[in-house]
Amino acid sequence: MKSLRKMLVITISLLMFLTTVTASFANTSFADLPSSHWATRHITKMAEERIVSGMTENGQLVFKPESPVSRVQAVHMIFRTLRATNKLKSTENYVDKYRNVLASYNIPEWAYEATAYAWEYNILEGNDLANLMSGEQQVSASRQQVAVYLGKAIDPNPQRSSVSPLTFIDREMIHASAMPYVELLVKNNIFSGDNTNRFNPQNTITRAEMATICSKAYDVLKTADIVVEVPAPVPAPVEEEPNITKKGGTLEHVVIANRTILVRDEEDVMDLYEVPSSAEIIIDGTSRSINALAKGQRVNLTFENSNRLTKIEVNPKENKIEGFIDRIMLGDLYHRIVVGGRTYRVYDDTEIKIEDKTAAFRDLKEDDSVTIRYEGDRAIEVLVDYEYQSFTGILNSGVNFGRYPFRISVRTVGSEIRDLEIHDDVVVRRDNRSADLEDLVRGDIVNIEVRSSKVRRIEATGIDTKQEDKGTIKSITIENPIRLTITNNNDEEVTYIIDNAVSVYLDNERADIYDLRTNYEVELELQNDRVIEIEAKRRGHRNIISGEITRIHEGLNRMIVRPYDISSREETVTVYYNRHTKFVEDTGREIDIRYLDRDDEVIIHGNYENNEFVATRIIVLMD
């Protein structure tokens, strides 16, 4: 009986303990999250599932629902959602495989597992990894970026709907590459717009929004299959491979009016050909019009199906291109890859090698560095070379277009400056969009890919850190680095470091840092806390020169003064005086110009007029 009673007491105690533990998990609450908040239900559920968490502030547990979510945090939460719903493609930990890569991009160690998984399964691709962090700082995630991350995690290859389900007012602002993932998530009620029916793709996503999205994704992944619209199969048209022939010869005559050319072949046989408007004309490797053809040019002619002229090459180069795979497309009769903006067909008999080893089309990946030998748009050989440099840095200056080949200067880890030659066919992207070299701005964070000592690809992210300040020059310290001290418009004395590539303008004319003087009024443009541009004015503004008289030209009303200003690179300054100029001793007594002599120490007040310093008051310092 006693043992039975003892057993009953233990059982009741255990039940009470379990009830207490369950209640503690079920009542996850945050001090800054009222029950009336629109996302409370989702945040509480995700906290209980250990997908999101709060932080302690002043002894209270808070969630900060309106705070931004970084890209690293978004990847981490998506990974936890997949793990909580048993939807991970693998439970293998890929941290050891990518540890060095993650460390090189300053990924926080707490996010290693999630980021390594995302990298392994192409949730993060291309330059995504480099863009998670800006130095040691995490970069905020936009709603569109989260949609792409989550969409790829759920379905890497979603089908676009024939009729888009998106009715957002701002749907045109959604990037084309993100559209399939946004459609997928909207269709499954994971993502939605705001009260004005806007998706706001570029808005920074908040913690409340992220928790809500993870909560909805959790429900869909846990209870049902994702709805994926698969279009009805359409029989692919059978394409007959064109019969391509080539002929060489010399142009004897060009009739531009009716697009006709007369060509003498190797056996001195003359043939007349019509040049269709669709025919490609390449001269010295550059696409040109028929107007550029001329008598005497050596040409290669390409025909399809024996009679249709499709290409004219003048001084043809080897049919070879080097670049990076931008896109891979699967097909039935052949596959396609896009390199440098051009599409090449890859057949079963195309030779593919990776690091000099025979490979298959499925082994190719986007962003692979490749050399393609081709005939027309048909790839004959695809060679993949992984031996190229890739590094991240800060653009030290804009592209130098002053001399060919163009060059770019990048500041890397440890403030090392790398000056690199740019390849003619360089691929440039800025802020995830195609761009030109002219679009790059000093201060951009760049991921540079170099092959054969030339820059082949630039992925840039613009960092808008420009600032301005105005004031009067107090002093210039000539050392390395040069420092400029000004008294700004708030009467604060501020010292700035001058960038090595600073642009200086004096009275709207290009000048040098050494042309500046104390008391000049300046407008400074700063980037990353360094002065990159100075606009200075001296005309009409009061200036002071202190120094020693070295010579007086009374007949010319001018004196030569050696200034004490250490920032001046001029050894002497010519000072003009006239009947309005006052000459005084340091006691205040007025004197005549005749009392001045060589070696006198003077303080001169005046203005610059037409690039000449006109004195209004000259004070002589008496012994």
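**Exercise 1. Determine which backbone atom the side chain of Asp515 reaches, and describe the setting of Asp515.**

The side chain of Asp515 reaches the backbone nitrogen of Asp512 at 2.8 Å, a polar contact being a pair of N or O atoms within 3.5 Å in which, within protein, one must be able to donate a hydrogen and the other to accept it, while residues adjacent in sequence count only if both atoms are side-chain atoms. The model is a predicted one, in which local features need pLDDT of at least 70 and side-chain atom pairs count only at pLDDT 80 or more, whereas totals for chains, interfaces and linings use all residues. Residues are numbered from 1 along each chain as its sequence is written, and side-chain values use heavy atoms, with hydrogens and water left out.

Finally, the C-alpha atoms of Asp515 and Tyr505, which are ten residues apart along the chain, are separated by 9.5 Å.

**Exercise 2. Count the aromatic pairs, and classify the pair of Tyr94 and Tyr121.**

The rule takes rings of Phe, Tyr and Trp (its six-membered ring) as paired if their centres lie within 6.5 Å, with planes under 30 degrees apart counted as stacked, over 60 as edge-to-face and the rest as tilted. By this rule there are ten aromatic pairs. Tyr94 and Tyr121 form one that is edge-to-face, with 5.8 Å centre to centre and 80° between the planes. Because Tyr94 lies in the loop between α3 (71–84) and α4 (95–104), and Tyr121 in the loop between α5 (112–120) and β3 (133–134), the pair ties together parts that are 27 residues apart in sequence. Tyr94 is buried, with a relative accessible area of 7%.

Phe191 and Phe199 form a tilted pair, at 5.6 Å centre to centre and 45° between the planes, and both of these residues are buried. Arg143 lies over the face of Phe199, at 4.8 Å from the ring centre, the criterion being that NZ of Lys or CZ of Arg is within 6 Å of the ring centre and within 35 degrees of the ring normal. Ring pairs also link Phe79, Tyr94, Tyr117 and Tyr121 into a cluster.

**Exercise 3. Identify the residues with the most contacts inside the largest nonpolar core, and the elements that supply this core.**

A nonpolar core is a set of buried Ala, Val, Leu, Ile, Met, Phe, Trp, Tyr and Cys residues joined through side-chain atoms within 4.5 Å. The largest has 65 residues, and those with the most contacts inside it are Ile190, Phe191 and Met210. Two or more residues come from each of α2 (40–48), α3, α4, α5, α6 (143–154), α7 (179–187) and α8 (207–223), and the largest share, nine residues, comes from α8. Not counting residues up to four places away in sequence, Met210 touches Val69, Ala74, Met77, Ile78, Val146 and Ile205. Apart from this core lies another, of 37 residues, among them Ile473, Tyr577, Val602 and Tyr608.

**Exercise 4. Explain why α2 is largely enclosed by the rest of the structure.**

Seven of the nine residues of α2 are buried, so this helix is largely enclosed by the rest of the structure. The buried ones are Thr40, His42, Ile43, Thr44, Lys45, Met46 and Ala47, and what covers them includes α8. After α2 comes Arg50, whose phi is positive, near 60°.

**Exercise 5. Give the strand order of the open sheet of seven strands, and name its edge strands.**

The order is β7-β6-β5-β10-β11-β8-β9, with mixed pairing, where two strands pair if DSSP finds at least two bridges between them. The edge strands are β7 (270–274) and β9 (286–287), each of which pairs on one side only. Strand β8 (residues 280–283) pairs with β9 in the antiparallel sense over two bridges, and the bridge partner of Ile282 in β9 is Ser287.

Key: Helices (H or I, at least four residues) and strands (E, at least two) are DSSP runs, numbered from the N terminus. Buried means under 20% relative accessible area, exposed over 50%, partly exposed in between (1.4 Å probe, protein chains only). Contact means heavy atoms within 4.5 Å.
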